[in-house]
Amino acid sequence: MAKLKLGKYRYYKNILVKVVGVGKHSESLEDVVIYEKLEDFGGFKKGSLWVRPLRMFKEKVLVNGKKIPRFKFVEE
């Protein structure tokens, strides 16, 4: 299974999340990141759990013509 540092990350849309683990998709066996929202945002409540493919979690996104991490590590 893939490794990812656990702790707080800042989503590029300025939302704080906490990575609680890395798991596997039950059908595809793709690595997924399990994270918790640490603040309310756009109808999504603080404390809700989310998953995202690891490859997508680690990729860079284009913002104002500049490539930046989708999620940036903040602290453990």
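**Entry 1: Arg70**

I note that the model is predicted. I placed Arg70 in the loop between strand E6 (66-69) and strand E7 (71-75). Is Arg70 buried or exposed? Its relative accessibility is 11%, under the 20% limit, so Arg70 counts as buried. I then listed its contacts, leaving aside neighbours within four places in sequence: Arg10, Tyr11, Tyr12, Arg52, Met56, Phe57, Glu59, Lys60 and Val61.

**Entry 2: The sheet**

I traced an open sheet of five strands in the order E4-E3-E2-E1-E7, with antiparallel pairing. Which strands stand at the edges? I found strand E4 (49-53) and E7 there; each has a single partner strand, so one side of each is left without a neighbour in the sheet. From one strand to the next, the twist averages 40 degrees. I checked the pairing of E1 with E7 and found four bridges in the antiparallel sense. Tyr9 stands opposite Phe73 in E7.

**Entry 3: The hairpin of E5 and E6**

I turned next to E5 and E6, which run antiparallel and are joined by four bridges. The bridge partner of Leu62 is Lys67, in E6. The hairpin has two residues between its strands, and in this hairpin Asn64 takes a positive phi near 50 degrees. I recorded that Asn64 is not a glycine. Asn64 lies in the loop between strand E5 (60-63) and E6. With a relative accessibility of 80%, over the 50% limit, Asn64 counts as exposed.

**Entry 4: Asn14**

I looked up another asparagine with a positive phi: for Asn14 the value is near 70 degrees. I located Asn14 in the loop between strand E1 (7-11) and strand E2 (15-24). Asn14 is exposed, and its relative accessible area is 54%.

**Entry 5: The nonpolar core**

Which residues make up the largest nonpolar core? I listed 12 residues: Leu4, Tyr9, Tyr11, Ile15, Val17, Val19, Val22, Val33, Tyr35, Leu54, Phe57 and Phe71. At least two residues of this core are supplied by each of E1, E2, strand E3 (31-37) and helix H1 (54-58). E2 gives the largest share, with four residues. I examined one core member, Val17. Apart from neighbours within four places in sequence, Val17 is in contact with Gly7, Lys8, Tyr9, Tyr35, Glu36, Lys37, Leu38 and Phe71.

**Entry 6: Aromatic pairs**

How many aromatic pairs does the structure hold? I counted seven. One of them is the tilted pair of Tyr11 and Phe71, at 4.9 Å centre to centre with 35 degrees between the planes. Tyr11 lies in strand E1 and Phe71 in strand E7, so this pair ties together parts that are 60 residues apart in sequence. I found both Tyr11 and Phe71 buried. Tyr35 and Phe57 form a tilted pair as well, at 6.1 Å centre to centre and 55 degrees between the planes. That pair links distant parts of the chain, with Tyr35 in strand E3 and Phe57 in helix H1, 22 residues apart. Both Tyr35 and Phe57 are buried. I finally followed the ring pairs and found that they link Tyr9, Tyr11, Tyr12, Tyr35, Phe57, Phe71 and Phe73 into a cluster.

Terms used
Residues numbered from 1 in each chain as written. Predicted model: local features only at pLDDT ≥ 70, side-chain atom pairs only at ≥ 80, totals over all residues. Heavy atoms only, no water. Buried < 20%, exposed > 50% of the residue type's maximum accessible area, 1.4 Å probe, protein only. Contact = heavy atoms within 4.5 Å. Pairing = 2+ DSSP bridges. Axes fitted to C-alpha atoms, helices over the stretch in contact; angles between N-to-C directions. Core = buried A, V, L, I, M, F, W, Y, C linked by side-chain atoms within 4.5 Å. Phe/Tyr/Trp six-rings, centres within 6.5 Å; stacked < 30°, edge-to-face > 60°.
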